[in-house]
Amino acid sequence: MVSIKLRSNMGPLITIAILLVGLLLMPTLVSSYWIHVLMLMFLYGILAVSLRQMLILGQVSFAHPAFMAIGAYTSTMLVMNLGLPFWFTIFLAGFASGIVAFLLGLPVLRLTGPYFFLATFAFLEVVRMILTHYYVPFGGPMGIYNIPPPNPIGPINFSSISHFYYLILIVFVITLLFFYSLERSRFGQSWHAIGQSHLLAESLGVNVMGYRVLAFVIACFFAGVAGACYAHYMTHMSPMEFGLTLSVDCIVWAVVGGMGSVFGPAVGAGILTFIPQVFKSTAEYEAGLSAVIFIIIILFLPGGLISLPQVISRRIKKREDIVTSGGKVG
Amino acid sequence: MELTFFLQTLINGIQMGFLYVLMALGLTLIFGIMHVINFAHGQLYMLGGFFLWWLFAIHHVNYVLAILLSVIIVAAIGFIVERFLLRPIRDQELYVMCMTIALGQFFEFAARTVWGPLDKAIPPVLPGIIKFAGVAITYKRLMAVVVGIALVTGLYLFIQRTKAGLAMRAVEQDPEVATTYGMGINRTYALVFSLGALLAAASGALMGTIMVVNPVMGTAPMLKSFMIIILGGMGSVTGAIAGGLIVGMMDSFFSSLFGIDIAYIFVFVVAFTFIIFKPKGLFGRG
Amino acid sequence: MSTLLELKNITVRYGMAEAVRGVSLDLAEGEIITLIGANGAGKSTILKTISGVKKPTTGEIWFRGERIDKLSPEKIVARGIAHVPERRRIFPYMSVNDNLKAGAYLRKDSEIGPDLENVFHHFSLLKQRLGQMAGTLSGGEQQMLAMARGLMAGPSLMLLDEPSLGLAPLLVMEIANIATEINKQGVGIILVEQNAGLAFRLAQKAYVLETGSIVMEGDTAELLNDQRVKEKYLGI
């Protein structure tokens with residue numbers, strides 16, 4: 001029994017191992033332009049995977065970019081104004097986002113459905129407006145320039161793009177590992193149960209509000225960390241980058257990638273960030289094309305891209321059943 | 001504050017308010033009865049404006065006919081969307097939301113591709129200004145108010161006095177019981193979504209007549225409409241009317257006194273406060 | 001008397017759980033039958049299956065010689081089956097008048113005059129409250145409105161789900177009398193009740209349900225003398 005189980009688990013594990021090795025070798029294989037694209041894929045992947053924790057609960061948060069911004073601006077201001085090291089501020093960025101998430105979450109997580117979404121959307125706009133309006137600490141609509149890179153550790157001085165690449169890759173992998181173990185933990189399924197029916201869960205004695213707050217704080221923590229990495233890599237940021245477009249994108253990545261697995265949103269973020277880069281010439285049609293793809297996926301592949309192997313194998317199995325049963329099934 | 005300034009701002013606020021009301025009514029009906037947040041609402045508004053421009057400015061169709069046709073076309077688009085894109089996924093809230101998001105993006109892309117990204121002006125209709133008591137309002141804006149009032153009244157009568165309206169109310173209040181008395185959900189949802197699209201298109205066509213049309217004109221009014229139905233109560237017709245007028249006036253006064261940015265933030269802060277403390281809004285129920 | 005309604009071996013599942021198992025029953029034209037049993041015995045589910053809200057997993061439902069178990073609720077009410085649901089479920093934000101109109105939704109306006117008169121004859125108090133918001137009516141008044149709404153559909157079969165629930169005994173009597181009068185006008189009734197005494201008084205035939213299956217059936221006159229029935233359901 002045990003040996004069979006091991007074998008069935010090996011497939012995905014081998015795929016992941018190969019992917020990891022490939023990713024580690026990327027800086028030697030491709031130009032820095034594509035390294036940049038990969039880094040964006042990782043950062044957006046962190047956003048999408050962390051957002052999924054809220055989507056599982058059935059609460060669609062439009063505020064994720066706001067928390068990315070909170071992390072980005074926190075780290076930047078602490079480094080530039082107080083001289084704190086990045087390795088410290090990256091965590092402070094996450095904590096800042098987490099704390100704000102906690103404070104926002106207490107009144108707002110009681111709400112469900114459209115009320116919750118609208119509250120988070122209002123928050124997103126308010127944050128963006130504050131960052132845009134106040135030049136003094138935040139740099140106003142033009143944002144902040146000359147954000148310094150992380151402090152050097154030994155030979156890693158961030159003079160080359162590959163240093164950033166490995167940093168963000170590590171953060172990305174840590175994020176995936178975290179949410180993966182969360183999903184597989186004893187209480188990982190509680191979130192799914194609440195998402196199915198929070199009323200039922202509540203009647204069974206589950207502390208729905210507690211789980212919601214926890215998910216929100218965790219998700220926003222990672223958004224903040226991603227924001228800090230983003231800021232110190234891009235060296236420039238403005239409030240415009242943390243608006244409604246990014247909110248919608250995060251949701252699209254999660255749904256197109258597939259919410260059934262922790263890796264789904266990462267796949268979605270990756271593919272949807274990658275493809276426009278490949279088809280640069282058709283940039284004008286990109287918006288329409290991605291909308292159509294989105295629609296097709298919702299209608300015909302609701303489990304997202306990551307469910308594609310399953311769907312295909314089920315189709316193949318169905319055909320085999322028809323063949324082996326002599327043309328009759330069911 | 002001078003009286004004339006006050007009155008002028010008030011008139012402007014009411015006029016804009018009615019256009020907001022039309023859009024918010026569509027949004028609140030779709031949410032109240034179908035439990036769908038229509039993220040494509042702003043683009044339906046925009047398409048209303050564009051079809052009017054296309055028919056009236058390009059093809060020189062009579063203005064009144066052009067407005068009628070453009071709202072009918074958009075209503076038909078709404079019908080097709082509901083039947084083929086929303087009905088299959090009706091029970092999955094998250095996917096419906098995503099579907100309307102995708103549709104909104106697609107409509108915006110389509111408008112931009114077919115008609116280009118630039119502003120289009122609608123040729124003058126009813127030129128001239130009427131002045132009284134020191135305040136001025138263009139005939140165009142006055143017409144928009146009149147049409148707005150007419151549509152709202154018509155909608156009210158439709159909902160309260162017709163069988164279709166009765167079905168809409170029944171399905172909103174108890175869909176399961178409604179079906180056991182013959183008021184089917186499929187037909188009602190199709191009607192509601194088309195009606196919502198029609199109202200958004202009317203708002204867009206009127207706004208286009210007053211100002212300009214462009215492919216991105218729908219986003220800001222849609223966001224404002226969300227705030228309006230929160231204020232008025234999601235699903236409440238009275239709330240949409242009251243909320244639209246209130247926000248129209250808040251907008252007008254705050255913009256004149258403090259600038260557009262502050263006006264924008266203020267609406268959001270008010271909406272946010274309502275969500276936390278009075279999520280049912282002013283007139284919401286159940 | 002011809003058969004109005006027949007259920008053949010109906011099984012209904014909610015997900016994996018079987019709410020109703022292998023239920024067969026029949027009702028003749030103009031008859032009143034009752035389904036009694038404890039909470040959760042599956043009685044309401046059977047009514048929902050008849051009116052089309054829930055589809056049976058297996059089995060058949062025949063109404064006037066036509067098979068209806070695969071039809072939508074709208075088609076079923078059009079054929080003359082009206083469902084008066086558990087807990088009344090009148091439309092709370094509509095007037096009494098609109099609730100009645102909702103009942104007659106599928107019918108032509110020109111036809112419903114006599115039925116409206118009939119409804120006012122049975123439920124005189126509704127006539128005075130036509131403009132009142134239905135949600136503000138008392139429990140008993142709402143029950144009457146629910147039944148009146150059902151009558152407005154012009155049914156030949158009425159499904160009454162626990163009409164006595166939460167009502168004072170006097171009101172229960174009034175409703176029982178109205179139900180009898182309606183039945184005398186030729187409308188068949190399936191009465192689901194936890195109040196077995198009321199059920200036995202009204203119905204000619206009874207089916208006793210326990211955890212989704214019929215454990216006893218027969219003429220109410222006979223069942224009244226059955227020892228088990230007396231102990232378990234009549235509290236004697």
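1. Two residues are taken to be in contact if their C-beta atoms, placed from the backbone, lie within 7 Å. On that basis the contact between chains C and B takes 20 residues from chain C and 16 residues from chain B. On the chain C side, the elements that give two or more residues are α2 (73-78) and α3 (96-103) of chain C, where helices (H or I, at least four residues) and strands (E, at least two) are DSSP runs numbered from the N terminus. The residues of this side divide into 13 nonpolar, 3 polar and 4 charged; Ala, Val, Leu, Ile, Met, Phe, Trp, Tyr, Cys and Pro count as nonpolar, Asp, Glu, Lys and Arg as charged, and the others, Gly among them, as polar.

2. The model is predicted, so that local features need pLDDT of at least 70 and side-chain atom pairs count only at pLDDT 80 or more, while totals for chains, interfaces and linings use all residues. Residues are numbered from 1 along each chain as its sequence is written, and chains are lettered from A and ligands numbered from 1 in the order in which they are written.

3. Between chains B and A, 30 residues of chain B are in contact with 27 residues of chain A. On the chain B side, α4 (93-115), α9 (219-232) and α11 (260-277) each supply at least two residues, and the largest share, 13 residues, comes from α4(B). By class, this side of chain B has 26 nonpolar, 2 polar and 2 charged residues.

4. Chain C also holds an open sheet of 4 strands in the order β2-β1-β4-β5, with antiparallel pairing; two strands pair if DSSP finds at least two bridges between them. Because β2 (17-28) and β5 (66-67) of chain C stand at the edges, each with a single partner strand, one side of each is left without a neighbour in the sheet.

5. Taking the pairs in turn, 8 bridges join β1(C), residues 3-14, to β2(C), and Thr3(C) has Ala28(C) as its bridge partner in β2(C). A further pairing, of 5 bridges, joins β1(C) to β4(C), with Lys8(C) standing opposite Glu60(C) in β4(C).

6. The pairing of β4(C) with β5(C) has 2 bridges, and Trp62(C) stands opposite Arg67(C) in β5(C). In the hairpin of these strands, which has 2 residues between them, Arg64(C) takes a positive phi near 50°.

7. Helix α1 (residues 43-51) of chain C lies across β1, β2 and β4 (58-63) of chain C, and runs at about 65° to β2(C), where axes are lines fitted to C-alpha atoms, for helices over the stretch in contact, and angles run from 0 to 180 degrees between N-to-C directions.
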